[in-house]
Amino acid sequence: TETSSLTTTTYTYTSLRQLTTFSQDFIILVRVIKKSEIKIFAHSASEQLYNKLFYFVGLDKDGDEIQISCFNKVAERLYLSIIENEVYEIKGGYVKLNDKKFIPARSQYKIVLNENSVVKHVPDVGVIKNGHINIIPINELGGLTLYSMVDVCGIVLDVGDKTKKNTKVKSRP
């Protein structure tokens, strides 16, 4: 396994771009740039079982992002300790392919933390920037793959009257 050159006295951190579904025993260093609320959803329609989920998006020193998901007991254990814009060292969990329709991060993979995962708040020494933007020219939007995430910056030159548009789902203003 290749590792980045960023180290502490104990660990060498794995870069997010080096993670694959075969990655094991990795330790990453990320800034939390987004944190979701805890979501509760039914485990099964026939049973009265519920699952809890929350995720956060981590950004590493190279500007790469990854979604990190926590379920049930792990979600309960970590939710209050994860704070946006703070830096964390994360050890353990497993890497899986991301469903690009439902991701808030620009990444092919996501990490799911488990009971053995260790998440440690570390001092912010300025190694990881506060944000990452992916601005592309508007004329290049057509060449992107479906569900690509980009940042849009533009100037509104004119605002027309409100119109009603009928769609297959329902009519909306």
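**Notebook: rings, a patch and a serine**

I started with the rings: Phe54, Phe56 and Tyr79 are linked into a cluster by ring pairs. I kept in mind that this is a predicted model.

Next I searched the whole structure for aromatic pairs and came back with 2. Where do the two partners, Phe54 and Tyr79, sit in the chain? I found Phe54 in strand β3 (residues 50–59) and Tyr79 in the loop between α1 (72–78) and β5 (87–91). They are 25 residues apart, so I noted this pair as a link between distant parts of the chain. I also checked their cover, and both Phe54 and Tyr79 are buried.

Tyr79 has another neighbour worth a note: Lys35 lies over the face of its ring, 3.9 Å from the ring centre.

Then I turned to the surface. Ile38, Ile40 and Tyr50 make a nonpolar patch there of about 310 Å². I picked out Ile40, which belongs to strand β2 (residues 39–42). Is Ile40 buried or exposed? I read 59% relative accessibility for Ile40, and the cut-off for exposed is over 50%, so Ile40 counts as exposed.

My last stop was Ser107, in the loop between β6 (94–97) and β7 (109–112). Ser107 counts as buried because its relative accessibility is 11%, and buried means under 20%. What does the side chain of Ser107 reach at 2.8 Å? I traced that contact to the backbone oxygen of Tyr109. I also noted the backbone oxygen of Glu65, 3.5 Å from a polar atom of the Ser107 side chain.

Notes: Residues numbered from 1 in each chain as written. Predicted model: local features only at pLDDT ≥ 70, side-chain atom pairs only at ≥ 80, totals over all residues. Heavy atoms only, no water. Phe/Tyr/Trp six-rings, centres within 6.5 Å; stacked < 30°, edge-to-face > 60°. Helix = DSSP H or I, 4+ residues; strand = E, 2+ residues; numbered from the N terminus. Buried < 20%, exposed > 50% of the residue type's maximum accessible area, 1.4 Å probe, protein only. Lys NZ or Arg CZ within 6 Å of the ring centre and 35° of its normal. Patch = residues over 30% accessible without salt bridge, like charges linked within 9 Å, V, L, I, M, F, W, Y side chains within 5 Å. Areas by Shrake-Rupley, 256 points an atom, 1.4 Å probe, with all protein chains shown as cover. Salt bridge = Lys/Arg side-chain N within 4 Å of Asp/Glu carboxyl O. Polar contact = N/O pair within 3.5 Å; in protein donor to acceptor, adjacent residues only side chain to side chain.
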